[in-house]
Protein chains: 2
Amino acid sequence: MARSSTTSDVFNAIAEASRREILDTLTAGEKAVGAIVNDLSMSQPQVSKHLRVLSEVGLVSCRAEGRRRLYRLEPARLRPMHEWLAKYEQEWSDRLDRIDDYLGELRRQGEPQ
Amino acid sequence: MARSSTTSDVFNAIAEASRREILDTLTAGEKAVGAIVNDLSMSQPQVSKHLRVLSEVGLVSCRAEGRRRLYRLEPARLRPMHEWLAKYEQEWSDRLDRIDDYLGELRRQGEPQ
DNA sequence: TTGACACATTCCGATATCGGAATATGATGC
DNA sequence: GCATCATATTCCGATATCGGAATGTGTCAA
């Protein structure tokens with residue numbers, strides 16, 4: 001058996017840096033494939049293939065306009081990731097809070113000088 | 001070229017469901033390898049191999065105690081993921097807020113009965 | 001020292017991925 | 001209809017992954 005399919009869930013789809021870049025560039029709004037190819041330094045077939053994967057897990061949706069295809073972000077699909085992360089988030093934000101407290105303490109000690 | 005190495009970054013390490021399960025079981029606290037093998041239904045070598053991957057990206061740390069090895073969660077390493085997600089979070093949390101408002105409305109309408 | 005226990009590593013076959021190149025589909029305009 | 005533009009799909013070789021089985025390493029206890 002190899003690694004889980006990239007189309008099986010959001011976690012696998014997002015594992016690839018190129019796909020994260022595509023999602024990042026789509027935060028600016030709906031874009032045609034050609035526009036994405038221009039923005040990033042990727043070949044057109046690669047962009048199309050990555051868009052297919054993102055589409056299959058629902059992270060992007062597609063709308064045809066003439067001979068162009070406009071892809072749009074579907075950020076709601078990132079929710080499973082966020083929910084999984086939330087379990088751990090508290091733990092490290094606690095630590096960061098403690099670090100903040102500590103830094104604040106240092107700052108207060110430094111001020112009088 | 002194949003998919004990016006699983007040891008290269010947190011996103012790839014987390015793409016595998018088995019590794020997410022291991023992290024999940026470690027939220028209860030430090031655990032020995034055998035304990036993880038018992039908790040989940042995985043072979044000992046598989047658990048060890050996954051722990052190695054998680055260790056290489058810093059998501060877990062290890063401490064030797066006699067002939068056992070206790071693994072602990074390092075949740076701070078999930079921060080890059082959280083920061084990446086944060087860019088998208090606002091967009092869908094707005095929608096969720098509206099759903100929350102709607103549910104609250106329904107609840108208020110139900111109470112009088 | 002020897003054996004048992006806890007864990008890590010290596011070898012293996014099957015499989016899925018990635019990028020590049022070539023090609024196919026499908027809409028537009030003349 | 002035919003050429004062109006925009007995008008999707010297929011074929012390919014190289015490579016990295018996964019799980020299972022077997023084996024290696026290191027610690028404790030008698």
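This is a predicted model: local features need pLDDT of at least 70, side-chain atom pairs count only at pLDDT 80 or more; totals for chains, interfaces and linings use all residues.
**The strands of chain B**

What holds that hairpin together? Six bridges join strand E2 (residues 60-65) of chain B to E3(B), and the two run antiparallel. If you want to find one facing pair, look for B:Arg63, which stands opposite B:Leu70 in E3(B). E3(B), residues 68-73, has another partner too: two bridges join it to strand E1 (residues 31-32) of chain B, again in the antiparallel sense. Here B:Lys31 stands opposite B:Tyr71.

**The strands of chain A**

Now hop over to chain A. Three of its strands form an open sheet in the order E1-E3-E2, with antiparallel pairing. The edge strands are E1 (31-32) and E2 (60-65) of chain A, and each of them pairs on one side only. E1(A) pairs with E3(A) over two bridges, while E2(A) is joined to E3(A) by six. As a bit of background, strands of a sheet pair through backbone hydrogen bonds, either parallel or antiparallel.

E2(A) and E3(A) make a hairpin with two residues between them, and A:Gly66 in the turn has a positive phi of about 65°. Here are some facing residues in this sheet:

| Residue | Residue opposite it in E3(A) |
|---|---|
| A:Lys31 | A:Tyr71 |
| A:Arg63 | A:Leu70 |

**How the two chains relate**

How can chain B be laid on chain A? A turn of 180° with a shift of 0.0 Å along the axis does it, giving an RMSD of 0.0 Å. That is the relation of a two-fold axis.

**Inside the protein**

Let's zoom in on one residue, B:Asn12, which lies in helix H1 of chain B. Is B:Asn12 buried or exposed? With 20 or more C-beta neighbours within 10 Å a residue is called buried, and B:Asn12 has 23 inside that distance, so B:Asn12 counts as buried. Not counting residues up to four places away in sequence, B:Asn12 touches A:Ala15, B:Ser4, B:Ser5 and B:Thr6. B:Asn12 and B:Val53 are 41 residues apart in sequence, yet their C-alpha atoms are 9.8 Å apart in space.

Then there's the largest nonpolar core, which has 40 residues. Which residues have the most contacts inside it? They are A:Ile22, A:Leu54, A:Val60, B:Ile22, B:Leu54 and B:Val60. Take A:Val60: leaving aside neighbours within four places in sequence, its contacts include A:Leu26, A:Leu51, A:Leu54, A:Tyr71 and A:Leu73.

**Around the DNA**

DNA strand D is surrounded by 27 residues, and the closest are A:Ala2, A:Ala32, A:Gly34, A:Pro45 and B:Ala2. At least two residues of the surface near DNA strand D come from each of helix H3 (33-39), helix H4 (44-56) and strand E3 (68-73) of chain A and helix H4 (44-56) of chain B. H4(A) gives the largest share, six residues. By class, this surface has nine nonpolar, ten polar and eight charged residues.

DNA strand C has 27 residues around it as well, and the closest are A:Ala2, B:Ala2, B:Ala32, B:Gly34 and B:Pro45. Which elements each supply at least two residues of the surface near DNA strand C? They are H4 of chain A together with helix H3 (33-39), H4 and E3 of chain B. H4(B) gives the most, with six residues. The surface near DNA strand C divides into nine nonpolar, ten polar and eight charged residues.

Methods: Residues are numbered from 1 along each chain as its sequence is written. Chains are lettered from A and ligands numbered from 1 in the order in which they are written. Two strands pair if DSSP finds at least two bridges between them. Helices (H or I, at least four residues) and strands (E, at least two) are DSSP runs, numbered from the N terminus. A residue is near a molecule or strand if its C-beta atom, placed from the backbone, lies within 6 Å of it. Ala, Val, Leu, Ile, Met, Phe, Trp, Tyr, Cys and Pro count as nonpolar, Asp, Glu, Lys and Arg as charged, and the others, Gly among them, as polar. Copies are superposed by least squares on the C-alpha atoms of residues with pLDDT of at least 70 in both. A nonpolar core is a set of buried Ala, Val, Leu, Ile, Met, Phe, Trp, Tyr and Cys residues joined through C-beta atoms within 7 Å. A residue is buried if 20 or more other C-beta atoms lie within 10 Å of its own, exposed if 12 or fewer, and partly exposed in between; C-beta atoms are placed from the backbone. Two residues are in contact if their C-beta atoms, placed from the backbone, lie within 7 Å.
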